[in-house]
Amino acid sequence: MNAHQSVGIVMIEDDEGHARLIEKNIRRAGILNEIRHFTDGTSALDYIFNDPVGPALSGPALILLDLNLPDMSGTDILTRIKNSDGPVKRTPVVVLTTTDDSREIQRCYDLGANVYITKPVNYESFAQAIRQLGLFLSVIQVPDLDGAN
Amino acid sequence: MATPRFLLPPEGKIAPRLTALLVPGFLALLAAGGGAAWVTRQNQVHTRAVVHTYEVEKAVLEVRRVIEEAEATRRGALLAPATAAYREGYHRATAELPQRLVTLARLTADNPRQRDNLAGLQLQLGALAQRRAETMALVERGDQRAALAAFRADTEASSMRAVRFLMNRMAREERRLLAIRDRELRVTERAFYAVLVLAAVLLAALAVVALLTVLAYTRDLARSRDATQSLADSLEEMVAERTEDLTRANEEIQRFAYIVSHDLRSPLVNVMGFTAELEAATGQLGALVDTVEAEAPQLLSEEARLSAREDLPEAIGFIRASTQKMDRLINAILQLSRQGRRQLAAERIDVAQLVGQIRDTLAHRLADVEATLDVAGTLPEVISDRFSLDQVFSNLIENAVKYLRPGVPGRITVSGRREAQRVIYAIADNGRGIDPRDHARVFDLFRRSGAQDRPGEGIGLATVRALVFRLGGTISVESNLGQGATFTLSLPLTLESQRPEGQGKNE
């Protein structure tokens, strides 16, 4: 990731297994940033907007978002993030989900998703995709919180 | 929803009812006509009777005149015997009398009373004629005195009065008969008028009843027509409701298939992911076992060696194969569900061109298996969904290429014809064929037939059938083992445009 090693990764993923596999593969890609994992939308949103060390109040972040969550739809979270007033709305959101329906993909981009990645069932492809995401994360610029203000 | 009321028209037997009314009506008319005819006949009879009466009266008068004339001329002859005219008149009258009497007898032959009168009259006339003849004989002899004496005796005998009396009686009798006949006629006429009035009343009553019947029937008809109309309306409503229910149920199934297949993928990612992790770990473990075996074989048990080298890789291999298969099955369901949700777009399709494109796509495979794909004759065009139709033809042709008979150059032929508002396409091959027992099965999802020596999950024909159904068509197969197969598609010439609201919900 960019120079600030403080950019945190917020992973919103209800499936512990998926979360673990994603984390493993991100680490294998050499990304060492802190990963905060949430299994439901409510606590994730609370962290993003209200936590003293969360993206809204503390530092730049990157959000990995699954669409199928137990308490709310991933698109709701996406809407909340992208329609918020603060710097959070500039936070890159990578939608990482099993859904590969074209309508859903379209909708996510319409709502402001920055990247949409389908989790391949085939693990080799899955690992490959996450590692590539890691490489991508290592080069993208995340907006600075201070700069945003 | 409201239960439709099955209001059937009343048992509408109007014809028998009208017949029941018309028959008495005609009978009444016939009675009136018959009455009129009868009265007319009675009138004729009466007229004849009147004429007859007058004739009898006339005959009586004639007889009387002749008798009186004879009497008058006899008296004239008595008073003036020299005058020949009296005598001639007398003879003429006397000669005329029998003829008049015959006429009278003929006219009154039907009446016993008149006959009696006439008999009496003839008796009197006989006596009178005899005395007259005597008197006249005396006159002609010139014995006027004796003649006058005889005349006087005559007067005393008063035959002439009796004759007059009888004649009057005869005339009266005829008058009496005429009066009777008059009365009879009046009675007849009254009866006729009564019949006429009765018939008129009857006809009027029947007309009213018939009118009421027709009105009631018309009202019933109108009511039953309304009932039929409302029934038809409610039927339409029912059909619309059912269609909506079906559409909803169909959408529900589509959504269900989608969600199920979609949510099944999520755990599968884990199974496959961690299996891969496990495999990687097994690799590490295997390397360790190798090292231990090389450096400190006494530490390595046989079980540990087998576990690391055979059991674990074997287990992982099965898990992988099964999850991969499961992934394919789930994808198949997802694909089917997605196709069911796709919006169809009808357009004119040149099927021959479509088949040509498929041939280009499959060119390498066709060349590899030495198969040919031909179009027989001209294929009718169809207005349908291009993507679906392409899938259908691709699947069928790929199947034909896939299941050829070893050693027999494949010949795949696409033919088609138009039948009324449908188009029929046949895709025939000379491949291995399908056992007739499996003809229905092959269209089911995940079901296959024959030797399982080709890759596949049993999805193609299920997809084809689902697509064909969606296009409003049907598909059937004719085949025997080892004799090739012919898949016959029947599609509507024009795909009916869909209701747009049934599409694109809840992705």
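What share of the contacts in chain B with a separation of 6 or more is accounted for by residues 24 or more positions apart? The share is 73%. Here two residues are in contact if their C-beta atoms, placed from the backbone, lie within 7 Å. The model is predicted: local features need pLDDT of at least 70, side-chain atom pairs count only at pLDDT 80 or more, and totals for chains, interfaces and linings use all residues. Residues are numbered from 1 along each chain as its sequence is written, while chains are lettered from A and ligands numbered from 1 in the order in which they are written.

Chain B holds 10 helices and seven strands. Helices (H or I, at least four residues) and strands (E, at least two) are DSSP runs, numbered from the N terminus. Of the 507 residues in chain B, 21% are buried. A residue is buried if 20 or more other C-beta atoms lie within 10 Å of its own, exposed if 12 or fewer, and partly exposed in between.

Two residues of chain B have a positive phi without being glycine. A420(B) has a phi of about 50°. A420(B) lies in the loop between β4 (411-419) and β5 (422-428) of chain B. With 6 other C-beta atoms within 10 Å, A420(B) is exposed. F446(B) has a phi of about 65°. Its loop runs between β5 and α10 (460-470) of chain B. F446(B) is also exposed, with 12 other C-beta atoms within 10 Å.

Two strands pair if DSSP finds at least two bridges between them. Strand β4 (residues 93-97) of chain A pairs with β5(A) in the parallel sense over four bridges. L96(A) stands opposite I117(A) in β5(A).

Two packed helices are described by the angle between their axes and the distance between the axes. Axes are lines fitted to C-alpha atoms, for helices over the stretch in contact, and angles run from 0 to 180 degrees between N-to-C directions. Helix α1 (residues 16-28) and helix α5 (residues 123-139) of chain A pack at about 55°, with axes 8 Å apart. α1(A) and α5(A) are therefore oblique to each other. Angles under 35 degrees count as roughly parallel, over 145 as roughly antiparallel, 65 to 115 as roughly perpendicular and the rest as oblique. From α1(A), L21(A), I22(A), N25(A), I26(A) and R28(A) meet F126(A), A127(A), I130(A), R131(A) and G134(A) in α5(A). The residues of this contact divide into six nonpolar, two polar and two charged. Ala, Val, Leu, Ile, Met, Phe, Trp, Tyr, Cys and Pro count as nonpolar, Asp, Glu, Lys and Arg as charged, and the others, Gly among them, as polar.

The contact between the chains takes 15 residues from chain A and 12 residues from chain B. On the side of chain A that touches chain B, α1, α4 (102-110) and α5 of chain A each give two or more residues. The largest share, three residues, comes from α1(A). That side divides into four nonpolar, six polar and five charged residues.
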